[in-house]
Amino acid sequence: MSSSSRIDQIAGHLNYPKGLLAGQVAIITGSGQGIGAETARLFAKEGAKVVVSDIDGKKASDVADSIKAAGGSATSVAGDMLDDNYINELVKKAAEFGNGKIHIIVNNAGYTWDGVIHKTTDKQWETIIALHNTAPFKLVRAAAPYFRVKDGEPRCIINISSTSGLHGNAGQANYALAKAGVTGLTKTIAKEWGPQYGVRANTVAFGHILTRLTAAKEAGAFITTPDGQKVALGIPTGKGALASAAAKEQYTDIPLRRPGTATEAAGAVLAVCSPLFAYVNGQTISVTGGRNM
Ligand SMILES: NC(=O)c1ccc[n+]([C@@H]2O[C@H](COP(=O)([O-])OP(=O)(O)OC[C@H]3O[C@@H](n4cnc5c(N)ncnc54)[C@H](O)[C@@H]3O)[C@@H](O)[C@H]2O)c1
């Protein structure tokens with residue numbers, strides 16, 4: 001190779017944009033752990049400036065620190081998505097961090113508070129709808145001035161849903177309604193902000209992804225509601241041989257015969273936000289290993 005073509009090659013490499021999301025500012029709610037944390041890490045690897053948002057301040061700052069230690073750009077803003085003041089503060093701090101710009105919102109924060117219909121309390125119902133529907137709406141509304149802009153840069157909103165929202169799930173009337181609801185919110189954003197501003201909005205619906213939400217309930221994870229009630233997270237498994245038989249049985253309806261990892265789930269969110277999906281808008285992308293085809 002001649003020295004000039006070698007120099008061209010190096011110069012070309014240096015000028016190449018640094019990642020699929022180079023320079024974009026992304027708010028990811030619930031990114032202190034699980035799918036959100038993996039999304040934050042993948043986004044940062046692809047050049048995004050990531051705002052790690054979570055009710056758990058220690059976990060949020062740990063994720064942001066791990067991104068910075070790996071050479072990425074991140075900040076953490078801790079708070080409760082059920083608190084209107086926090087939502088406004090999150091947008092303000094994200095815009096400061098992004099020098100006046102926000103390009104991506106991933107509405108991911110959430111948990112399940114299951115109950116069969118005849119035993120579900122008003123509080124169970126209202127908390128889950130507030131967290132999975134009202135909070136994403138309020139965040140998108142608060143961030144509107146950063147999305148309704150014509151600066152030629154990409155803008156993308158992702159709402160996280162679930163197969164429970166697409167197909168229903170016994171014991172999850174509240175969560176199924178909420179996760180169905182975000183698909184309507186997504187399509188409305190796409191129709192309102194697509195024509196003039198080019199904002200894309202899509203829903204990513206997960207099947208069984210390995211996080212604390214799908215771990216054994218007996219592991220003891222819980223979340224605390226604003227009024228101090230502890231909600232146990234996870235799926236009850238039972239004990240012994242019955243439990244391992246049940247564990248094997250539960251993957252028979254997944255063509256890939258396994259649950260997904262948080263990294264695989266995050267990869268789908270990255271793909272949808274990336275320029276490779278530039279003409280995909282208003283859609284619900286199922287990330288399920290083929291379950292529920
Ligand atoms: N794990 C699955 O199989 C699965 C399947 C379908 C959909 N989902 C959805 O994916 C999203 C992420 O779930 P995950 O499995 O990574 O769970 P996770 O529990 O590992 O992470 C969720 C994060 O959201 C945060 N959070 C919860 N309530 C909050 C609040 N009020 N304010 C701010 N942050 C809050 C938690 O602190 C936690 O860090 C959720 O919306 C969930 O419903 C998960």
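Leaving aside neighbours within four places in sequence, V91 is in contact with I102, L139, A142, A143 and Y146. Contact here means heavy atoms within 4.5 Å.

Before going on, the ground rules. This is a predicted model: local features need pLDDT of at least 70, side-chain atom pairs count only at pLDDT 80 or more, and totals for chains, interfaces and linings use all residues. Residues are numbered from 1 along each chain as its sequence is written, and side-chain values use heavy atoms, with hydrogens and water left out.

Back to V91. Where is it found? V91 sits in helix α4, residues 84-97. Helices are DSSP runs of H or I, at least four residues; strands are runs of E, at least two; both are numbered from the N terminus. Is V91 buried or exposed? V91 is buried, because its relative accessible area is 4% and buried means under 20% (exposed is over 50%, partly exposed in between, with a 1.4 Å probe and protein chains only). Now take V91 together with Q33. They are 58 residues apart in sequence, and C-alpha to C-alpha they are 20 Å apart in space.

Next residue: T39. T39 is in helix α2, residues 34-45. T39 counts as buried, at 1% relative accessibility. Which residues does T39 touch, not counting those up to four places away in sequence? The answer is I28, A266 and V269.

Now the record. UniProt lists residues 24-196 as "domain: Ketoreductase", in an unreviewed entry. Such annotations may be inferred rather than shown by experiment; positions are in the numbering used here, and feature names are shortened. In the model, residues 24-196 are 54% helix and 16% strand. The end C-alpha atoms of that span lie 20 Å apart.

Finally, the whole protein chain. Its secondary structure comes to 10 helices and 9 strands. The C-alpha trace spans about 70 × 45 × 35 Å along its principal axes.

Two more numbers. Buried residues make up 44% of the 293 residues. Of the contacts with a separation of 6 or more, 68% are between residues 24 or more positions apart.
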